[in-house]
Structure formats: C-alpha cells, structure tokens
Amino acid sequence: GNVNTCSFSPDGRFMVSSSDDKTVRLWRASTGELLRTIVPPDKEAGDFFDLDDQMRFTGYIHACCFSPDGRLILSASGNGRLHVWEAATGQLLLAKESSSRVYACAFSPDGRCMVSGSDEILSVWETATGKYLQLLRGHGNEVIGCAFSPDGRCIVSASWDTTLRIWDTASGKCLRTREGHANRAEVCAD
C-alpha cells in the first residue's frame with residue numbers, strides 16, 4: 001500500500017513510516033534495515049461502514065511521528081483510532097477512538113500533549129493518560145496535517161478547505177487563518 005508519512009527520531013538514528021497496508025514500520029536510518037512492523041490489534045485494524053454518512057472507514061494508517069524523547073510513536077488511522085506505541089518494543093500503550101477518520105497527529109515539544117486532526121476538528125490529548133484536553137473547531141473540511149510550534153504555544157493545522165489555521169494551545173482560540181493555496185493543504189511539519 002501507499003506509504004503515507006515518515007519521520008526521523010529526534011536523534012536521527014531511526015525512521016518511522018505509516019502505510020495503507022495498516023502498519024507502522026520502524027527502520028534503522030543508517031542502513032534502511034526494517035527493525036519492527038507494528039500492527040494494531042485485530043479488532044482495531046478492521047474497516048467499518050458508517051450507515052448515517054454512507055462512508056467507509058479504513059484501517060489505513062495516515063500519519064505517524066516520534067515523541068520528542070524518541071521513546072514513543074504516535075499513529076493516526078482512517079478507522080478513527082489514535083495509538084501510542086513504545087518505540088523500543090512496539091507495545092501498544094494507549095488507544096483513543098474517534099467517530100471519524102484521523103488523518104494527522106503530532107506531539108507537543110515537551111511530549112506531554114498530542115494533537116490529532118480529523119473531519120473539521122483538532123483534538124488535544126494528554127499523552128500519559130489519553131485524557132481529552134480540548135477541541136479546536138473552525139476548518140470547513142478534513143484536517144489533514146497538524147504540528148506544534150517549537151515553543152508549544154501554538155498549533156498549526158492544514159485542511160482540505162485550502163486553509164492553514166494557527167491556534168493558541170492554551171485557549172484553543174484560532175489566532176490566524178491563512179488562505180492562498182489553490183488546492184487543498186495537506187501537510188505541515190514542525
């Protein structure tokens with residue numbers, strides 16, 4: 001399947017990738033050696049069909065990234081799941097469920113929070129517990145990319161509505177909207 005995202009570990013020694021084959025893969029950066037294939041639990045890897053919206057949700061893994069200390073991997077799936085994995089072992093540490101596809105994810109610079117993008121919203125979560133912290137609303141279409149600013153005070157999001165939005169992390173308020181792309185904005189990186 002398509003490789004959807006990839007990211008280096010903070011020390012540059014490893015890479016992580018996500019794919020339409022419903023896996024997250026950990027690689028040694030210096031050699032390209034595949035070290036681990038992470039597969040969500042069977043009950044969570046499947047597809048489902050939403051009868052209300054007439055949409056098929058797939059287990060494709062749309063996004064992944066390392067935590068700032070390199071100990072954790074965060075992944076976002078088309079079947080509405082956000083997973084936190086231990087990088088050293090591939091063990092699932094936390095699973096969060098959404099009612100819609102999750103296209104994007106990122107850790108805060110201190111690793112204490114994570115953000116996920118889906119439908120027209122961003123959700124901010126506490127990394128250690130998975131506790132929901134806040135919901136950021138304002139996009140007119142799917143949020144397909146998100147990242148924290150280096151100081152953690154802002155979140156930037158990209159959407160198929162062709163905008164970038166900059167959010168205040170503390171208040172959840174949209175500070176600025178940037179337009180100008182002729183087509184949908186898909187990725188933003190820290």
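What share of the contacts in the protein chain with a separation of 6 or more comes from residues 24 or more positions apart? The share is 36%, where contact means heavy atoms within 4.5 Å.

**Before you start**

This is a predicted model: local features need pLDDT of at least 70, side-chain atom pairs count only at pLDDT 80 or more, and totals for chains, interfaces and linings use all residues. Residues are numbered from 1 along each chain as its sequence is written, and side-chain values use heavy atoms, with hydrogens and water left out.

**Stop 1: the whole chain**

Show the chain as a cartoon. The protein chain has one helix and 18 strands. Both are DSSP runs, numbered from the N terminus: helices are H or I with at least four residues, strands are E with at least two. Now colour by accessibility. Of the 190 residues, 47% count as buried. Buried means under 20% relative accessible area, exposed means over 50%, and partly exposed lies in between (1.4 Å probe, protein chains only).

**Stop 2**

Two strands pair here if DSSP finds at least two bridges between them. Strands of a sheet pair through backbone hydrogen bonds, either parallel or antiparallel.

- Cys 6 stands opposite Ser 17 in β2. The two strands form a hairpin with five residues between them, and Gly 12 in the turn has a positive phi of about 80°.
- β2 to β3: residues 14-19 and residues 24-28 pair in the antiparallel sense over five bridges. Phe 14 has Arg 28 in β3 as its bridge partner.
- β3 to β4: four bridges hold this antiparallel pairing. Leu 26 stands opposite Arg 36 in β4. This is a hairpin with five residues between its strands, and Gly 32 in the turn has a positive phi of about 80°.

Is β1 well covered or hardly covered? Hardly covered: among its six residues, the count of buried residues is zero.

**Stop 2: Thr 23**

Go to the loop between β2 and β3 and pick Thr 23. With a relative accessible area of 7%, Thr 23 is buried. Its side chain makes a polar contact of 2.5 Å with the side chain of Asp 21. A polar contact is a pair of N or O atoms within 3.5 Å; within protein, one must be able to donate a hydrogen and the other to accept it, and residues adjacent in sequence count only if both atoms are side-chain atoms. Not counting residues up to four places away in sequence, Thr 23 touches Ser 17, Ser 18, Thr 37, Ile 38, Val 39 and Ile 61.

**Stop 3: the largest nonpolar core**

Select Leu 74, Ala 76, Leu 82, Val 84, Cys 105, Phe 107 and Met 114. These have the most contacts inside the largest nonpolar core, which has 13 residues. Such a core is a set of buried Ala, Val, Leu, Ile, Met, Phe, Trp, Tyr and Cys residues joined through side-chain atoms within 4.5 Å. β7 (61-66), β8 (72-77), β9 (81-86) and β11 each supply at least two of its residues.

Centre on Leu 82. Leaving aside neighbours within four places in sequence, its contacts include Leu 74, Ala 76, Leu 94, Ala 95, Cys 105, Met 114 and Trp 125.

Step to Ala 95, in strand β10 (residues 92-97). Ala 95 is partly exposed, at a relative accessible area of 36%.

**Stop 4: the aromatic pairs**

How many aromatic pairs does a search of the whole structure find? Two. Rings of Phe, Tyr and Trp (its six-membered ring) pair if their centres lie within 6.5 Å; planes under 30 degrees apart count as stacked, over 60 as edge-to-face and the rest as tilted.

Show Tyr 103 and Trp 160. Their pair is tilted: 5.5 Å centre to centre, 50° between the planes. Tyr 103 lies in strand β11 (residues 102-107) and Trp 160 in the loop between β16 (154-159) and β17 (164-168), so the pair links distant parts of the chain, 57 residues apart. Tyr 103 counts as buried at 9% relative accessibility, while Trp 160 counts as partly exposed at 23%.

Finish at Trp 125 and Tyr 132. This pair is edge-to-face, 5.8 Å centre to centre, with 75° between the planes. Trp 125 is buried at 11% relative accessible area; Tyr 132 is partly exposed at 40%.
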